[in-house]
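Open the model in your viewer and keep the selection tool ready. The tour goes from a pocket to a helix and then to a hairpin.

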Amino acid sequence: MSESAEPQGSTARPPVLEKEPGPRPQPPPGGTGRAHRFWSARRLPAGLVALLLLALAGLFLYDVVAVRAGRPGMSWRRELARQLAKRPLDDTWVLVGAGIAAALGLWLLLLALTPGLRSVLPMRRTHPDVRAGLHRDAAATVLRDRAVEVAGVQSAKVRTRRSKVKVRAMSHFRELDDVRADLDTALGDTVRGLGLARQPRLSVKVRRPGRKG
């Protein structure tokens, strides 16, 4: 279970909790389990595919019933059958149609085989039947708030990914090397304190604010 992420700079969401069904397993050695990514339900793609298939099936069923009742079939279907019968397999339009169909099929396979929900970062499992995740924007907000607490930092922008956290800070006093070292220390501790299953690498850059005018 997860919720959509809020824009950066807003109040951080609490971690996402997911209770796994089934019997209560025994905790693994060390008290933790392997944390996997959260899977998206992908209701929109599934709904669109279902509606498309339903519409096509209904259309062809209507045409079959009409032909069985002695009425002529739909003109577009007769024209399509005629075109497919006379065009060779290496015809440009046949190849284009096959390519589009293959691309759609690969897209659906990709959706079916990948977890999705890239905005939710899995957290370490401290209980065998509870999974927790932290939204990227919530993690970015926590890190940004911690960054501006460092002496010399005027403002900071944070981008959080699964494997890397990018921090871009503006410093209006103190030496840049000193500010960067303090940011590395403070944000490194904060990243470890987030409790993520896969700790992202930290990239910190500090510069002076540009002159106005």
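**Stop one: the largest pocket**

Select Pro45, Leu48, Val49, Leu52, Leu104, Gly105, Trp107 and Leu108: they line the largest pocket. A pocket here is an open set of points on a 1 Å grid over the protein atoms alone, where a 1.4 Å probe fits, with protein on both sides within 12 Å along at least five of seven lines; lining residues have an atom within 4 Å of a point. This is a predicted model: local features need pLDDT of at least 70, side-chain atom pairs count only at pLDDT 80 or more, and totals for chains, interfaces and linings use all residues. Residues are numbered from 1 along each chain as its sequence is written, and side-chain values use heavy atoms, without hydrogens and water.

The space in the largest pocket is about 150 Å³, a volume filled by probe spheres set on the points. Now color α1 (43–68) and α3 (92–113): each supplies at least two lining residues. Helices are DSSP runs of H or I, at least four residues; strands are runs of E, at least two. By class, the lining has seven nonpolar, one polar and no charged residues.

**Stop two: α4**

Select 136–147. Buried residues (under 20% relative accessible area, 1.4 Å probe, protein chains only) include Arg136, Asp137, Thr141 and Leu143. Show β2 (120–122) and α5 (176–193), which are among the elements covering them.

**Stop three: the hairpin**

Select β4 and β5, a hairpin with three residues between the strands. Seven bridges join this antiparallel pair. Finish at Arg159, whose bridge partner in β5 is Lys166.

Note on methods
Ala, Val, Leu, Ile, Met, Phe, Trp, Tyr, Cys and Pro count as nonpolar, Asp, Glu, Lys and Arg as charged, and the others, Gly among them, as polar. Buried means under 20% relative accessible area, exposed over 50%, partly exposed in between (1.4 Å probe, protein chains only). Contact means heavy atoms within 4.5 Å. Two strands pair if DSSP finds at least two bridges between them.
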